[in-house]
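Thanks for coming, everyone. Let me put the model on the screen and walk you through a few places in it.

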Amino acid sequence: MDQSTSARPWGEMNFEVLGPLRVRVADTAAHIDGPKQRALLAVLISRAGHVVPAGALIEAVWGAHPPASPRKALTWHIGQVRDLLDSPDRLTWQGNGYVLAAGAGEIDAARFEDLRNRGLEAGRNGDPKAAGELLGEALALWRGDAYADVGENAAGDGEAARLNGLRQDALAHRIAADLELGRHDALVPELTALAARHPLDEGFRAQLMLALYRCGRRADALEVYRETRRLLVSELGLEPGPELRAMEQTVLAGKAASETPQRVPATSGPAELPSAPRVLTGRDEDVGHLLAALDGPGGVCAIAGPGGIGKSALALHVAHLLAGRFPDGQLYVNLHGTTPDVKTLAPEEALGRFLRSLNGEAPPTALDVEELAGRFRSATAGRRLLIVIDDARDAAQVRPLLPGGGTCAVIITGRRILSTLDEAGLHRLGVLGETDAVAVLARLVGESRVDAEPAAAREIARYCDGLPLALCVAAARLRARPRAPLSGLASRLAAEDARLGELSVDDRAVRASLAVSHRDLADEVDGGPAARLFRLLGLLDTPDLTVPVAAALADVPMPAADALLDRLIDAQLIEDHQPERYRLHDLIRLYSKELAAEAVTAAGGARAFGRVLEYYVGTARDALGVFEPSASYRLGWEKSAAERGGAHRFADRAAALTWIRGELDNLRAVVRQAVRLPGEEAIGAVTLSVLLKLPLQYSKSWREMLDVGRNAVAIADLAGGPEHRLFARRDTAEVLLSLGQVDEALLHLGHARSAVRLMPDRSGEASVWGITGAAYRRAGRFTEALEAFGRSIELAREHGLVQAEAATHVEAGFLHFKIGDLDAALAAQERAAVLIAGLNSPHGEAITSAAIGAIFLATARYGEAAERFTHAIAKNREAGQHDAVVAADYRWGLAEACFALGDRDSARAHWGDSIALLHRLGAIGDKERAELEAAEHPSPPAMISVRPKPR
């Protein structure tokens with residue numbers, strides 16, 4: 001939870017979770033509408049100041065049964081939650097999720113924890129009066145159980161259980177402070193009620209015994225002990241723990257009534273836990289989850305995560321918090337399952353250690369592992385022990401070490417996900433977010449150094465990829481040079497080829513930690529292919545990958561690739577961050593690149609990447625063929641049949657669009673990477689760039705298109721023929737026009753016309769002249785533009801290129817509209833509409849319908865304009881572009897038509913939809929949105945092309 005108390009630009013709010021969920025602005029309580037909003041608010045408040053991924057919010061609100069369009073439904077509920085806040089800017093989208101901005105003083109749970117911590121500190125410093133007052137003030141904030149009216153899975157990974165546990169602990173310490181101050185008379189009624197409410201809590205029972213004893217009621221105190229013993233034996237089959245037994249002896253011995261046994265965990269057995277980390281930063285949710293999973297005897301929890309993620313630190317932190325609940329002691333063993341250069345501890349060796357700790361002597365050496373495991377189960381039966389098994393290699397190493405019965409709790413750490421341990425709950429530990437990573441640096445090197453260079457600290461945290469081991473190594477380097485600037489280390493870490501070398505100090509090294517996982521995988525039976533795939537992944541620069549891409553990369557069938565990815569997940573070398581999508585964390589990716597450089601030849605790497613490129617080209621063709629059947633992507637050459645072997649077959653336009661959107665960043669990355677391939681190996685990327693044109697154009701992602709286009713031009717110029725240069729230059733020119741860079745666009749178009757003259761098939765010249773006309777129009781050279789459009793239409797008709805002809809009529813219509821010749825503009829757009837009607841192109845129909853609507857708007861034919869914009873909106877939705885900028889464009893045109901017809905309410909609604917979409921897409925900011933929403937007749941923003949009058 002964000003503890004920031006920095007000033008906010010909005011009014012103070014109160015978020016209250018210590019009881020039924022409440023949100024108050026000043027003194028007014030907001031009405032929270034239904035369980036879904038409460039669930040959503042609960043997660044956002046529990047992680048205030050941190051980004052909560054959209055997937056986590058969807059799971060919290062709908063669990064295992066999300067709606068058909070979960071992101072859309074989530075967006076609606078986010079809007080409802082924003083309406084409850086003093087400012088919608090409190091809840092914003094960042095990265096891959098939403099973050100709620102709230103200071104510690106605005107959340108009652110944060111205020112409670114602050115008061116509790118101060119109270120405990122006062123108690124440790126020998127000031128029971130201050131301790132009691134602070135703890136009492138903390139407890140007064142409670143109105144019932146935390147998140148009392150929120151679903152059990154919604155408050156986020158045991159947050160409610162964690163807070164309720166802290167409440168009970170604070171109450172016990174407040175009572176201890178009151179006992180120390182001699183307030184035993186007043187405490188007897190309270191403790192009697194607590195003992196009845198928590199009959200198996202030996203701590204409250206011991207405090208009640210002490211209060212009764214001090215009041216001179218020795219017999220009543222002893223009766224409490226006898227009643228508690230009966231309950232423990234009948235309910236759990238256990239004898240009272242050391243705290244209660246010690247209190248019985250105090251009463252029986254008649255010791256001085258002023259003696260105050262402290263509520264401190266006591267054990268009668270081994271206490272082998274290594275020291276816990278002094279401060280554990282950024283793991284509140286993980287701690288809460290583990291405390292909830294291990295609440296009471298019999299719990300088993302296995303923490304999994306890659307090397308250096310902080311599994312052992314978390315396990316020991318939680319173990320020390322739980323130790324007081326296990327009065328018979330704590331056992332600890334490090335199995336060294338993945339410790340570099342240290343022999344792995346066999347199960348029989350670990351069992352021997354445990355039995356020596358429990359029985360005081362070593363077991364006979366002749367016993368095998370099954371006999372030792374049996375003796376261990378006998379030794380632990382009926383005992384309340386906490387057992388920590390650290391750095392396990394696999395489930396087989398752990399299984400013999402599990403105790404018998406249900407009175408012990410076990411925490412296991414290991415890189416593997418021990419899914420075959422049926423007894424264990426599984427907890428996957430992830431990397432730290434940037435805020436927490438910077439906090440770790442501040443704790444290790446000093447807040448003053450981090451405060452002096454906050455930007456450099458964020459860079460270091462980012463380069464360390466949120467990996468605690470990497471952050472500790474970076475901090476060690478900084479501590480060794482206390483006067484060195486943080487920016488120096490940040491600069492050295494920026495170099496990818498040197499980063500893993502920089503993250504190595506003495507016996508701590510990120511590379512060595514990762515090498516253990518790869519080596520172990522390679523050494524396993526049948527693990528070699530998975531290790532090979534991991535090395536090959538270093539050849540790809542894509543943000544993530546899917547099973548078909550892995551299959552192409554490794555040149556194996558898809559079922560085999562699926563199994564190999566599962567092996568890599570199990571080894572914590574990749575993660576499935578979305579269903580059926582996999583990625584490597586940055587430092588693991590760098591290690592994979594190092595392995596690829598060492599083990600994969602240049603020719604082998606080029607072939608592997610070429611297979612991925614072939615897969616993407618074939619699948620993109622299929623997707624766009626379904627998504628926009630009228631589009632022509634013919635390049636005059638074909639790849640081998642293998643290109644289409646792994647391609648998908650899409651059932652409908654929605655499936656094709658889903659694939660395109662999901663793979664867009666990967667497709668762009670592949671085109672960028674292809675520039676580095678030798679010769680003809682890269683040519684497929686030109687095809688891919690052409691295939692990407694349409695989906696990027698729909699979303700008006702001009703910068704991304706320019707990135708793809710310039711890479712395609714470089715490949716075509718270096719290794720392609722005239723057809724490749726034509727398409728690469730032509731498409732890049734079109735993007736440059738959209739960005740207003742007319743001169744550079746004309747330069748590319750000149751090169752494209754030169755390439756056409758070298759081709760036997762000169763049909764591509766039609767589209768080049770069409771784009772040239774658009775460039776002349778942008779430059780104000782209208783006569784030359786109309787000549788170029790005429791040449792384009794003539795060539796398109798000559799070669800039977802219906803789509804190219806229609807596109808040029810659309811452009812010519814825009815020019816006529818611009819110069820005020822509305823009759824010619826309407827004729828051109830209507831001719832385009834006739835041509836497009838036979839192409840099965842919803843996108844094209846939307847464009848022409850909106851263009852005609854704009855002309856009707858300018859000629860005061862408002863009813864017809866409204867019909868055309870309504871049709872454009874429907875076709876745009878059919879094309880799957882209802883969340884793109886063009887959708888806002890068409891909505892704006894409809895709003896203008898409604899306004900002119902006098903239907904102000906409809907106009908306001910359509911303007912509101914358009915403005916909200918532009919804001920959601922990042923096209924306008926908060927200030928511009930507020931100004932537009934406040935205007936009676938808003939002026940269209942720059943990205944809106946539909947305007948009430950000709951430009």
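Start with H816. Leaving aside neighbours within four places in sequence, H816 is in contact with L786, D821, L822, A824 and A825. Contact here means heavy atoms within 4.5 Å. H816 sits in helix α35, residues 802–819.

A word on the ground rules. This is a predicted model, so local features need pLDDT of at least 70 and side-chain atom pairs count only at pLDDT 80 or more, while totals for chains, interfaces and linings use all residues. Residues are numbered from 1 along each chain as its sequence is written, and side-chain values use heavy atoms, with hydrogens and water left out.

Is H816 buried or exposed? H816 counts as buried, at 15% relative accessibility. The cut-offs: buried is under 20% relative accessible area, exposed is over 50%, and partly exposed is in between, with a 1.4 Å probe and protein chains only. Now look along the chain to P53. H816 and P53 are 763 residues apart in sequence, and their C-alpha atoms are separated by 48 Å.

Next, R908. This residue is found in helix α40, residues 904–920. R908 is partly exposed, with a relative accessible area of 31%. Not counting residues up to four places away in sequence, R908 touches L932, E933, A935, E936 and P938. W892 is 16 residues from R908 along the chain, with 9.9 Å between the C-alpha atoms.

Now the sheet. What is its strand order? It is an open sheet of 5 strands, β8-β9-β10-β7-β11, with parallel pairing. β8 (330–334) and β11 (425–428) stand at the edges with a single partner strand each, so one side of each has no neighbour in the sheet. From one strand to the next, the twist averages 15 degrees. To count as paired, two strands need at least two bridges between them in DSSP. As background, strands of a sheet pair through backbone hydrogen bonds, either parallel or antiparallel.

Zoom in on β10, residues 409–414. Here 6 of the 6 residues are buried, so the strand is largely enclosed by the rest of the structure. Both faces are covered: A409, I411 and T413 lie on one side, V410, I412 and G414 on the other. β10 pairs with β9 (residues 386–392) in the parallel sense over 5 bridges. There, I387 stands opposite V410. β10 also pairs with β7 (residues 300–304), again parallel and over 5 bridges. In that pair, A304 has G414 as its bridge partner.

On to β7 and β11. They run parallel, joined by 4 bridges. C301 is partnered by G425 of β11. Helix α11, residues 284–293, packs on the sheet and touches β7 and β11, and its direction makes about 175 degrees with that of β11. Axes are lines fitted to C-alpha atoms, for helices over the stretch in contact, and angles run from 0 to 180 degrees between N-to-C directions.

Last, the whole chain. There are 41 helices and 15 strands. Of the 951 residues, 52% count as buried. The C-alpha atoms fill a box of roughly 110 × 70 × 55 Å along the principal axes. Among contacts with a separation of 6 or more, 68% come from residues 24 or more positions apart.

How values were computed
Helices (H or I, at least four residues) and strands (E, at least two) are DSSP runs, numbered from the N terminus.
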